[in-house]
Amino acid sequence: HASDLVSQFSPEQLAAAVERHLGNPSSQLRGGLGELCRLLPPATIVPRLQATVADRKRTALERMGAVVLLERYLKLSVAPALTSDLVGNDDIALQSLMEAIADGQSNRHVYLEYVTQMQEHGSDVAEMVLGLLNRLPPDDQTGIVRLMAQDRRAQVAHAAIERLTSLASTSDAALQALSALAWTAAPAAVEQVQRNLRKLQFMGRRPAMPESTGWRALLGLTDVSGYCNLWLLRAPTEPAQSNGVLVSILFNPTQGVVQCSGAEMLEASQLPAPQPLGSATTIRSPQAEPSTMLEIPLPAARWLLQQALSAHWQRAAVDLPSDYKLYNDLVWQFGPGQLSEAHLSIFTDAGSGLEAPHLDQLAAAASQLVSHPAMKFWRLWATKIWSTATPFAVWKNRRQELVYSLLNELDALTQHTQLLEGMAAALRLQSLWLALHGDAEAAHQALLFSRWMRSLPVPQNPLLIELLHAGLAAHTQRTVSLPHTPASP
């Protein structure tokens with residue numbers, strides 16, 4: 001610790017030691033030097049650092065290292081004229097890279113910002129960055145190289161994966177990063193990653209699977225289009241610490257990974273309290289409506305995400321969200337996902353007890369399913385449809401006619417097939433949610449409609465009929481309950 005050094009050595013000795021290590025590229029050492037400078041008398045350390053900045057006989061790395069200590073740690077400005085001769089020097093780019101790495105170790109978004117800016121330029125800039133990274137310790141390279149390995153430019157991704165593989169021969173952090181990419185990288189890159197992992201195994205380098213103790217997964221309810229929230233979270237390692245993790249992913253079984261956000265410095269009070277698997281919990285936030293999420297097995301969460309990724313890569317023009325690339329090492333550190341055989345059957349076309357039912361049986365099942373609390377987003381969708389439908393004068397005695405008319409409008413839509421396919425996929429996901437919650441009957445009903453959604457005629461589809469009736473009732477109640485505003489005289 002810097003405070004221990006200050007108590008053991010004189011300020012002059014420590015200032016001289018700082019000066020000797022200014023050219024060291026290690027971000028950890030530079031951070032330690034900064035903390036030491038803060039504890040030294042300014043009259044001792046500041047003149048030495050200023051003299052180094054002005055001394056053109058010192059290396060660019062030493063001079064820029066002194067600038068960093070003065071500006072970042074001692075909060076003193078440096079005249080631009082003192083470093084004007086360094087413009088265009090590779091060591092300046094290296095210094096900028098080192099600063100990003102130093103900050104990124106406590107805030108990984110700095111890595112993302114650096115790589116995002118790099119992507120605005122040609123592949124030659126990425127090649128230059130890889131060259132500069134080669135001058136740094138292996139563990140300092142991993143954070144940025146891992147993101148570069150997910151670059152949509154095949155040439156950049158290929159070179160970064162090769163660099164990560166080289167680092168993985170000695171660095172455990174790089175080996176873990178490379179192993180995680182095997183489950184989330186683009187299909188063209190996955191083959192390269194898996195091949196390189198096999199080579200590393202021949203060298204005796206196998207990634208160690210970390211314990212998943214403290215990690216949990218929460219699955220949100222699915223809306224009509226199949227959009228669903230998935231949370232992966234880890235409680236703080238100690239109750240008094242603030243190192244809890246939350247990765248929130250919005251995905252869709254047919255559209256892929258849509259959004260992602262993450263946080264790594266959370267207190268236990270900022271995370272939902274643990275519940276038994278299969279338990280539903282209400283998430284309350286000042287910025288949003290309360291939401292219901294289900295505690296599910298961590299391997300099942302990763303399995304769902306794998307399916308979403310498979311759908312995502314079929315949409316070749318759509319890149320993954322930047323924050324997903326940033327946090328996916330936390331998601332895939334435990335390897336691939338897994339779903340039990342019983343639940344896996346939900347996503348296949350085989351299954352017992354799902355023969356073509358009579359319409360009256362479907363109508364009874366639709367009535368029960370639509371009223372289920374887990375279908376609230378579906379009822380909200382139906383309510384919103386009526387709020388945008390053509391105004392009508394008489395409601396009480398024309399509900400059947402209105403519903404039938406709207407069903408015909410839906411059937412006439414050019415994208416109605418896409419709508420039904422999205423609903424079918426959403427119902428499968430909803431069926432899994434209900435099954436994991438322990439509601440076998442509702443899960444069976446959701447699965448039943450997912451199987452028949454595309455083959456039933458829209459005007460005769462009992463689920464759509466029941467949804468529209470429920471939506472019309474809710475819209476009617478909401479409209480009637482609105483306060484009457486007198487017309488202006």
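In this predicted model, F347 is found in the loop that runs between α15 (341–344) and α16 (359–370). With a relative accessibility of 27%, F347 counts as partly exposed. Once its neighbours within four places in sequence are left aside, F347 is in contact with W303, L304, L339, R428, L429 and L432. A further relation across the sequence concerns A446, which is 99 residues away from F347 along the chain, while the C-alpha atoms of these two residues are separated by 12 Å.

Helix α11 (residues 172–181) is largely enclosed by the rest of the structure, because seven of its ten residues are buried. Those buried residues are A174, L175, A177, L178, S179, A180 and L181. The elements that cover them include α9, α10 (154–168), α12 (187–202) and α14 (322–331).

How are α7 and α9 arranged, and at what angle do they pack? Helix α7 (residues 109–119) and helix α9 (residues 138–148) pack at an angle of about 45°, and their axes are 10 Å apart. This angle makes α7 oblique to α9. The crossing in which α7 passes α9 is right-handed. On the side of α7 the contact is made by Y111, L112, Y114, V115 and M118, and on the side of α9 by G143, I144, L147 and M148.

The cysteines form the last topic. A disulfide is a covalent bond between the sulfur atoms of two cysteines. With a cut-off of 2.5 Å between cysteine sulfur atoms, the count of disulfides in the model comes to zero. For C260, the closest cysteine sulfur is that of C228, and because the two sulfur atoms are 14 Å apart, they are too far from each other for a bond. C260 is buried, with a relative accessible area of 13%, and C37 also counts as buried, at 1% relative accessibility.

The accessibility values given for individual residues are collected here.

| Residue | Relative accessibility | Class |
|---|---|---|
| C37 | 1% | buried |
| C260 | 13% | buried |
| F347 | 27% | partly exposed |

Key:
Residues numbered from 1 in each chain as written. Predicted model: local features only at pLDDT ≥ 70, side-chain atom pairs only at ≥ 80, totals over all residues. Heavy atoms only, no water. Axes fitted to C-alpha atoms, helices over the stretch in contact; angles between N-to-C directions. Helix = DSSP H or I, 4+ residues; strand = E, 2+ residues; numbered from the N terminus. Parallel < 35°, antiparallel > 145°, perpendicular 65-115°, else oblique. Left-handed = near helix turned anticlockwise from the far one by under 90°. Contact = heavy atoms within 4.5 Å. Buried < 20%, exposed > 50% of the residue type's maximum accessible area, 1.4 Å probe, protein only.
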